[in-house]
Amino acid sequence: DYNKIYQISEGNPFFLSEYANLLLKGQKFTPLTPAIEAKLSLKLKQISSQEEELLYYLSCFRNPPTLKLLAELMTLKIEETIDIIEALCQRQLLFEATDEDEVLAIFKQKLMAHFCYSRISLAKRRLLHAQIAKTMEKTTNLISCSKKIFDEMAYHYQEAKQPLKSLYHHLNYLEAMLQFQHELFPIYAQN
C-alpha cells in the first residue's frame with residue numbers, strides 16, 4: 001500500500017500528508033481527497049475553454065498522444081494547438097517530450113490527469129473516447145501501424161462502449177504480436 005501511495009503522490013509532500021492523514025484516521029484510501037481536489041481545481045481556475053478541452057482529451061489517453069493527433073481531435077491548426085500546450089506548460093500542468101520524431105504532451109502530475117478525467121461526465125467520456133478512436137483510425141495507416149496503436153484504439157473503443165470495434169482492433173493487436181513472436185522464434189515447416 002505504501003508503494004502505491006508513493007507512486008500516486010509522486011513524492012509531493014502535500015499529497016503525502018493528505019494520504020498519511022487518511023491512514024491515521026483509518027479511512028479508506030482514495031487518490032482524490034477533498035483537499036487534493038480543491039488544490040487541483042485551483043490550478044484549473046484560470047484556464048480557457050480550449051485549454052480545458054485539451055486537458056479533457058489528454059486525460060482520456062493511457063499513453064501520451066502526439067501534438068498532431070491532439071490538433072486533429074480539436075480541429076485546430078497545429079500552431080494553435082502548440083500555443084495551447086505552451087500555455088499549459090507555463091502553468092506547470094503539462095510538459096512536452098519526444099518519441100522518435102513526434103512531440104508528445106504529458107501531464108506533469110498523474111493525479112492531475114486523474115482529476116481531469118474524474119470531472120468529465122460519463123456520457124462525455126464515451127463521446128471523447130469514440131472521437132479519439134475514430135480519429136486514430138482515420139489518421140493512421142492501419143496496414144503499417146504499430147501494435148501499440150492497435151492496442152490504444154481497442155482501449156478507446158472499449159471505453160466508448162463499442163465492443164465490436166474494440167475486439168477488431170484487439171485482434172489486430174494480437175495478430176501483430178504473434179507476427180512479432182514469429183519473427184523472433186520462427187517456426188520452420190518440416191518436409
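**Labels and their cut-offs**

Guide: Start with K148. Its relative accessibility is 47%, so K148 counts as partly exposed. That class lies between under 20% for buried and over 50% for exposed. Bear in mind that this is a predicted model.

Visitor: What makes K148 and D99 a salt bridge?

Guide: Their side chains meet at 3.6 Å, N to O. The cut-off is within 4 Å, so the pair qualifies. K148 lies in helix α9 and D99 in strand β1, so the pair ties together parts that are 49 residues apart in sequence. D99 has 34% relative accessibility and therefore counts as partly exposed.

Visitor: How many salt bridges does the structure hold?

Guide: Six. One of them joins E51 and R91, with the closest N and O atoms 3.1 Å apart. E51 sits in helix α4 and R91 in the loop between α6 and β1, so this pair links parts 40 residues apart in sequence.

Visitor: Which class does E51 fall into, buried or exposed?

Guide: Buried. The relative accessible area of E51 is 8%, and buried means under 20%. R91 has 35%, so R91 is partly exposed.

Visitor: Why does the pair R119 and E52 count as a salt bridge?

Guide: The N to O distance is 3.8 Å. The limit is 4 Å, so the label holds. R119 is in the loop between α7 and α8 and E52 in helix α4, so the pair ties together parts that are 67 residues apart in sequence. Both ends are partly exposed: R119 at 38%, E52 at 29%.

Visitor: What makes M112 buried?

Guide: M112 has 1% relative accessibility, and the cut-off is under 20%. M112 lies in helix α7. Beyond its neighbours within four places in sequence, M112 is in contact with L40, K43, L44, L93 and F107.

Visitor: Which residues touch the most other members of the largest nonpolar core?

Guide: L54 and L55, out of 43 residues. Helix α7 gives the most to this core, with six residues. L55 touches residues including L44, I47, L88 and C116.

Note on methods: Residues numbered from 1 in each chain as written. Predicted model: local features only at pLDDT ≥ 70, side-chain atom pairs only at ≥ 80, totals over all residues. Heavy atoms only, no water. Core = buried A, V, L, I, M, F, W, Y, C linked by side-chain atoms within 4.5 Å. Buried < 20%, exposed > 50% of the residue type's maximum accessible area, 1.4 Å probe, protein only. Helix = DSSP H or I, 4+ residues; strand = E, 2+ residues; numbered from the N terminus. Contact = heavy atoms within 4.5 Å.
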